[in-house]
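Subject: Structure handover

Hello,

Here is the structure for your work. My notes follow below it.

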Amino acid sequence: MEKDIVKGYIRYLKLQRGMSGNTLDAYQHDLRKLLDYLKGEQKDVREVTLEDLEHFSAGLHDIGINARSQCRILSGVRSFFRFLQLDGYRDDDPTELLESPQIGKNLPEVLSPEEVDTLEASIDLSKWEGHRNRAIIEVLFSCGLRVSELVNLKLSDLYLEEEYVRILGKGNKERLVPISQRAIRELGFWFDDRNLMRIKPGEEDYVFLNRYGSHLTRTMILIMIKRQAEAAGIKKTISPHTLRHSFATALLEGGADLRVIQALLGHESIGTTEIYTHIDTSTLRREILEHHPRNMKK
């Protein structure tokens, strides 16, 4: 019975919540922690009480899981029990009064435009991947993409004459994001190298490829950026998400409307989606041209 319930839950997340493969994997991984705990306690998910879940939560702390990760796991637990109630497996939701640990508001690291320049300048352009890596960093910073959006970016998503890229974000939601002239220029240098590559069948439409002609993975991007930061002498702990956050911070500091930034980032909240439907592409383009440092006139 448990296997059928879990299968139904994953199907619910995929079809009704529109979750991507990576998010689904994370939810399943966290759910397994709960199910393993309940198995040890000989508890059925249909009979779990708030007290059981409080013991589970306390156990996460005891084995050294940090507060932020505890909150993420408990968020998945709440989602699971809401599904059980919706699908008729339970009459109640025992997570309604389940508390999460308090976490501090640790702001993520941000790179200034000058630090992004330093990062890009440290790239060895004599290597075959040099122009590709500069284009990756510039597109992440100029467009504020998630790393998953970058690795899945297709040539057919680029409208470089119009200076836009089409992004398929979380929940398969599309958005248009303006792209700077500098990012377009870096892509052009990369395409000169890309055109000389032997590309694997089925991979021809991906913008960014590895040396074997296949599209990149998120891990490859993460490793590249961390190594490049070290080569550039940047002491901050950065990742691909740092460039996305730097994009948003640069716009906000430049005076852009917060609602426009939310739309450009493709945030998932209902409020953000409603706001996005009322902002046309000309407004998006004007805001990014006026407020992002890559577009400001020297």
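I start with arginine 294, which is found in the segment after α13 (281-291); helices (H or I, at least four residues) and strands (E, at least two) are DSSP runs, numbered from the N terminus. This is a predicted model: local features need pLDDT of at least 70, side-chain atom pairs count only at pLDDT 80 or more, and totals for chains, interfaces and linings use all residues. Residues are numbered from 1 along each chain as its sequence is written, and side-chain values use heavy atoms, with hydrogens and water left out.

Arginine 294 and its surroundings

Arginine 294 has a relative accessible area of 13% and is therefore buried. The classes are buried under 20% relative accessible area, exposed over 50% and partly exposed in between, with a 1.4 Å probe and protein chains only. The side chain of arginine 294 makes a polar contact with the side chain of glutamate 138, at 2.6 Å. A polar contact here is a pair of N or O atoms within 3.5 Å; within protein, one must be able to donate a hydrogen and the other to accept it, and residues adjacent in sequence count only if both atoms are side-chain atoms.

With neighbours within four places in sequence left aside, the residues in contact with arginine 294 are Pro113, Val116, Asp117, Glu120, Glu138, Phe141, Ser142, Ser180 and Arg182. Contact means heavy atoms within 4.5 Å. Glutamate 120, from that list, lies in helix α5 (residues 113-121). Glutamate 120 is buried, because its relative accessible area is 1%.

Helix α6

Helix α6 covers residues 130-143, and at 1.5 Å a residue its 14 residues should span 20 Å; the end C-alpha atoms are 20 Å apart, which agrees. The expected span is 1.5 Å times one less than the number of residues. Of the 14 residues of α6, 14 are buried. Glycine 144 follows α6 and has a positive phi, near 65°.

The second largest pocket

The second largest pocket holds about 460 Å³ of space. Its lining has 21 residues, and Glu129, Arg132, Asn133, Met224 and Arg227 lie nearest its centre. Two or more lining residues come from each of α6 and α9 (218-231). The largest share of the lining, seven residues, is from α9.

For the method: on a 1 Å grid over the protein atoms alone, a pocket is an open set of points with protein on both sides within 12 Å along at least five of seven lines, while a cavity is a set of points where a 1.4 Å probe fits but cannot get out; lining residues have an atom within 4 Å of a point. Grid points are joined across faces, edges and corners, and a volume is the space filled by probe spheres set on the points.

Alanine 231 is also in helix α9. Alanine 231 counts as exposed, because its relative accessibility is 55%.

Three strands form an open sheet in the order β1-β2-β3, with antiparallel pairing. β1 (158-159) and β3 (174-178) are at the edges with a single partner strand each, so one side of each has no neighbour in the sheet. Two strands pair if DSSP finds at least two bridges between them. β1 pairs with β2 (residues 164-168) over two bridges, and leucine 158 has valine 165 as its bridge partner in β2. β2 and β3 pair over five bridges, with arginine 166 opposite leucine 176 in β3. These two strands form a hairpin with five residues between them, and glycine 171 in the turn has a positive phi of about 70°.

Glutamate 163, in the loop between β1 and β2, has a positive phi of about 65° although it is not a glycine. Glutamate 163 is buried, at 15% relative accessible area. Glutamine 42, in the loop between α2 (21-40) and α3 (50-62), has a positive phi of about 55° and is not a glycine either. Glutamine 42 is exposed, at 76%.

The chain as a whole

The protein chain has 13 helices and three strands. Of its 298 residues, 45% count as buried. Among contacts with a separation of 6 or more, 59% join residues 24 or more positions apart.

Regards
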